[in-house]
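Colleague: Before I rely on any label attached to this chain, I would like to see each one set against its definition.

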Amino acid sequence: MIRDERIPSDELRRIDEEIRSNWPTGSEVDFEEAIAYHESLPDHKRFADVLESADKPLLQPRAGVPRLDDQIELLEYLHREGQADLLPTTIDSYTRDNEYEKAQEGLEKAQETGEDTLNGFPAVNHGVDGCRELIDSIEAPIEVRHGTPDARLLAAITFAGGFQSFEGGPISYNIPYTKRHGLEETIERWQFVDRLAGAYTERGVRINREPFGPLTGTLVPPSIAIAIMLVEGKLAATQGVRSITLGYGQVGNVVQDVAALNALQKLGDEYLPDEVVVTTVFHEWMGGFPPDEARANGVISLGGMTAAIAQPDKVITKSPQEFQGVPTKEANASGLRTTRQVIDMAIEQNIDIDGIAEEQDLIERETRCLMETIHDHGDGDVVQGTIGAFDSGALDVPFAPSDSAKGDVLPARDDDGRVRIFEWADLEMDEDIKEIHRARLSRRADTEGRDQSFRMVADDVDAISDGKLIGRPQSSQSHFQEGA
């Protein structure tokens, strides 16, 4: 039975040697030599230092292609033309599934044809030397972004290759991503990732860790996302990580998003140890985008305005081509510039919106309920508490493909477009909080002249891609717009 305990040094070495034998490039990793390489990097490439010292939100896109030269060219373009402050290396799907042979075949085909035969950068196959060539070529900090339930070999190679930030976690890269891996399994494997990051940190190389805040990216109630961020932050801190960036995905209502980001920072500082530097990252809308690029830019701009008000430390941007899939580098850079323009115009304004403090208080109360039930399920141990809470449904994530979550909780928007909980299932929450959600969803049902039902949920999932925030029926939408 695993617990929230630091992996001993001899066990860390044993696991490290075992996982590095899974692919030839694992033999390139030398911890002491890697420390020396990190120490040689200039200050402007040290991810945690750049992020933590910023005086306004830093912008970072998503981007990854298979060939090394193309990845260098892509990141240089996004840094130069998109004015990205921080850069990503998005990993391919085969690597995420630990299918390194298939990734190698895809890489070789890409090198032969010049086509993007993989949907990301196969860092394990490029090895330590390839990663370092990328780090050396780009004049900005770079983060590994992926989606891997078992990221141990990827972490060993990319840390040794010079990357100083690593996204993901045992819940956020399990519940939204996979059916095949149990929660206990992914927690144990990510304890190694965090312990390895902690080992670098103890030698003066601060590896930033960033749990994936949007989860399923579909109308996730803020308190559920924040509770999972706190759990993953606590697990990382136990293993010695000292720079943690807690994430949150935009839901679209500005009051609720600003309140959630405020709560995320406040609760992160409260729940994580004092020696941890807590930063926050805001993900622009992760759901369906309008097919029209002008409307898509409107969605991006709303994210930029929200970021200007809440001022998270980092913003993960989107492109106006999200509907089409992987954007061109030009569209990716356009999304960055759109976000920057809105932030730069709005950040110096004193924008005061009613309701933020009240909504933040509600989010904090909900989050504390979830953290208390995790504590109770594990008798104080966050690992066992998390597993037990998910098993019982006391902690749940809507629209989750993983068998580790019941997926019985259903969200819907209220009359103001804030995400509320329509179906509670077994989610642990105080009754007075549930009543607030019920009352606000009832108010929307009255406005639209219909009963509360799953139809509301389905309508809301598609609303933004259809050009609105709330999934109102067409008849009530017209009635609503007329001011009745």
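Modeller: What follows takes the labels in turn, from the whole chain down to single residues.

This is a predicted model, in which local features need pLDDT of at least 70 and side-chain atom pairs count only at pLDDT 80 or more, while totals for chains, interfaces and linings use all residues. Residues are numbered from 1 along each chain as its sequence is written, and side-chain values use heavy atoms, with hydrogens and water left out.

Colleague: Why is Thr367 called buried?

Modeller: Buried means under 20% relative accessible area, whereas exposed means over 50% and partly exposed lies in between (1.4 Å probe, protein chains only). Thr367 has a relative accessible area of 0%, and therefore counts as buried. Thr367 is found in helix H14, residues 356–377, where a helix is a DSSP run of H or I with at least four residues, a strand is a run of E with at least two, and both are numbered from the N terminus. Leaving aside neighbours within four places in sequence, Thr367 is in contact (heavy atoms within 4.5 Å) with Ser223, Ile226, Ala227, Leu230 and Leu267.

Colleague: And why does Tyr37 count as buried?

Modeller: Tyr37, which is found in helix H2 (residues 31–40), has 10% relative accessibility and therefore counts as buried. Apart from neighbours within four places in sequence, the residues in contact with Tyr37 are Arg132, Ile135, Asp136, Ala160, Gly161 and Gly162.

Colleague: What makes strands E2 and E3 a pair?

Modeller: Two strands pair if DSSP finds at least two bridges between them; E2 (residues 87–90) and E3 have four bridges, in the parallel sense. Leu87 stands opposite Ile142 in E3.

Colleague: Which residues of E3 point one way, and which the other way?

Modeller: In E3 (residues 142–145), Ile142 and Val144 point one way and Glu143 and Arg145 the other way, and all are buried. In a regular strand the side chains alternate between the two faces of the sheet.

Colleague: What covers the buried residues of helix H17?

Modeller: The cover includes strand E9 (410–413), strand E10 (419–423) and helix H16 (431–448). Among the buried residues of H17 (residues 454–463) are Met456, Val457 and Ala463.
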